[in-house]
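Dear colleague,

I am handing over the structure below, and after it you will find my notes on what turned up when I went through it. Please read them with the structure open beside you.

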Amino acid sequence: MASYFGTHVDDAIKLADACRRSRLLRRGPRGRLLPTRRGRRYLETAVEEYYLERGLVEGAGSPAFRNLCRARQGLDMVQHGSLTRGQLEAIIRRTRALGPGRILDLGCGTGELGERVAAHAGGARLLAVDRAHSAISYAAARGTPNTAFVGADLETYVSAAPRGSADVVLSIDSLYWVDDLESFLEHVLEVLSPGGCFLCILSEFEDRRGGGRTLAAEDMEIGAALAALAEVRGDLRVETEDFTGEERALWLGSLALWEEWKDSFAAEGHAYLLRNIVREAEYLETSMRRGRGARYLFSVYRGVEAPMSER
Ligand SMILES: C[S@@+](CC[C@H](N)C(=O)[O-])C[C@H]1O[C@@H](n2cnc3c(N)ncnc32)[C@H](O)[C@@H]1O
């Protein structure tokens with residue numbers, strides 16, 4: 001398989017060309033290739049190569065990657081998304097306020113983030129799911145009490161998980177590959193106990209309406225899906241926190257990382273981990289410069305359903 005995030009530039013170019021042929025990438029200004037949308041098909045290869053095979057676990061064991069997380073995001077929890085310290089604190093604050101007994105982390109990676117949230121929530125039980133079995137084994141080997149790691153596809157998992165079995169469901173940068181977002185969200189809401197909360201943080205980089213303005217939360221694919229669900233259900237309250245400014249600064253700053261960090265990554269044999277970040281920053285540069293991107297924390301509270309007559 002061609003290696004998009006691997007060390008072979010030729011393979012990466014071949015894969016980019018294949019994506020463009022299948023209209024998953026388009027040529028942007030100055031010939032730059034841009035994803036047409038952050039959909040599952042476009043990122044599938046990245047997931048297979050980077051997340052399933054080695055990126056997650058090697059990132060966790062890489063001092064350079066951990067130092068970079070600390071320097072770039074103010075937080076070393078082996079983030080493979082763009083979570084910052086302030087964003088994690090917002091998630092912890094909301095989780096702690098609910099005093100949950102059971103937390104479900106969907107797309108947990110190597111699991112340190114979920115463990116940190118659970119530890120701050122008075123030692124809630126954590127069940128964490130990721131389809132990268134290597135990351136799950138790595139996380140389980142820590143043997144953290146009250147914690148279980150499951151290797152599974154998150155869409156499949158929530159469709160079969162016991163109803164009302166989690167007080168908080170977390171998703172940190174893990175919904176970019178979901179096939180059917182609406183159905184996934186419906187299942188998540190069923191898995192939540194009444195009074196529970198789905199905390200989901202993610203970014204979106206293309207304004208599908210083509211304008212040059214910053215995306216509002218409801219313009220994001222997930223924001224629109226949640227608004228539609230809230231209309232038909234009487235028991236949802238959605239709150240959003242805007243982290244777009246932080247996200248833009250993070251990615252624009254990341255363009256310059258290569259020169260500064262390449263030697264420490266190369267010395268470990270992990271240059272591809274850094275290359276992954278810099279390449280993603282290159283893809284996002286245009287949309288970020290033009291304000292065509294957004295990052296929000298969506299907090300979706302499931303209350304008790306109001307009777308139809310009161311809606
Ligand atoms: C960008 S990483 C984020 C990991 C972690 N939450 C963090 O913020 O560092 C995305 C994670 O979602 C997982 N993932 C993506 N699609 C998935 C799916 N359909 N089922 C389960 N895990 C999935 C990947 O394996 C990866 O660990």
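Asn146 counts as partly exposed because it has 14 C-beta neighbours inside 10 Å, a number that falls between the limits of 12 or fewer for exposed and 20 or more for buried. Please keep in mind here, and in everything that follows, that this is a predicted model. Asn146 is found in the loop between α6 and β5, and its phi is near 60°, a positive value in a residue other than glycine.

Helix α6, which covers residues 133-140, has Ala135, Ile136, Tyr138 and Ala139 as buried residues. These residues lie on the same side of α6, because the arc they cover around the axis is only 160°.

As for the chain as a whole, there are 12 helices and nine strands in the protein chain, and of its 311 residues 40% count as buried. Among the contacts between residues at least 6 apart in sequence, 67% join residues that are at least 24 apart.

Seven of the strands form an open sheet, in which the order is β5-β4-β3-β6-β7-β9-β8 and the pairing is mixed. Its edge strands, each of which pairs on one side only, are β5 and β8, and from one strand to the next the twist averages 15°. A parallel pair is formed by β3 (residues 102-106) and β4 (residues 125-130), which are joined by five bridges, with Leu104 standing opposite Leu127 in β4. Helix α4 (residues 85-98) touches β6, β7, β8 and β9, and its direction makes about 175° with that of β7, while α8 touches β3, β6, β7 and β9, its direction making about 145° with that of β7.

Strand β9 (residues 294-302) is largely enclosed by the rest of the structure, because eight of its nine residues are buried. It runs antiparallel to β7 (residues 192-204), to which eight bridges join it, and the bridge partner of Glu204 in β9 is Ala294. Strand β8 (residues 236-242) is likewise antiparallel to β9, with seven bridges between the two, and here Thr240 has Phe298 of β9 as its bridge partner.

That leaves the question of where the nonpolar residues gather. In soluble globular proteins, nonpolar side chains tend to be buried together. The largest nonpolar core in this model has 70 residues, and those with the most contacts inside it are Ile103, Val169, Leu170 and Val188. Strand β7 gives this core its largest share, seven residues. Once neighbours within four places in sequence are left aside, Val169 is in contact with Leu104, Leu106, Val188, Val191, Leu192 and Phe198. There is also a second, separate core of five residues, which includes Leu250, Trp251, Leu284 and Met288.

With best wishes

Definitions and conventions. Residues are numbered from 1 along each chain as its sequence is written. This is a predicted model: local features need pLDDT of at least 70, side-chain atom pairs count only at pLDDT 80 or more; totals for chains, interfaces and linings use all residues. Helices (H or I, at least four residues) and strands (E, at least two) are DSSP runs, numbered from the N terminus. The arc is that of the directions from the helix axis to the C-beta atoms. Two strands pair if DSSP finds at least two bridges between them. A nonpolar core is a set of buried Ala, Val, Leu, Ile, Met, Phe, Trp, Tyr and Cys residues joined through C-beta atoms within 7 Å. Two residues are in contact if their C-beta atoms, placed from the backbone, lie within 7 Å. Axes are lines fitted to C-alpha atoms, for helices over the stretch in contact, and angles run from 0 to 180 degrees between N-to-C directions.
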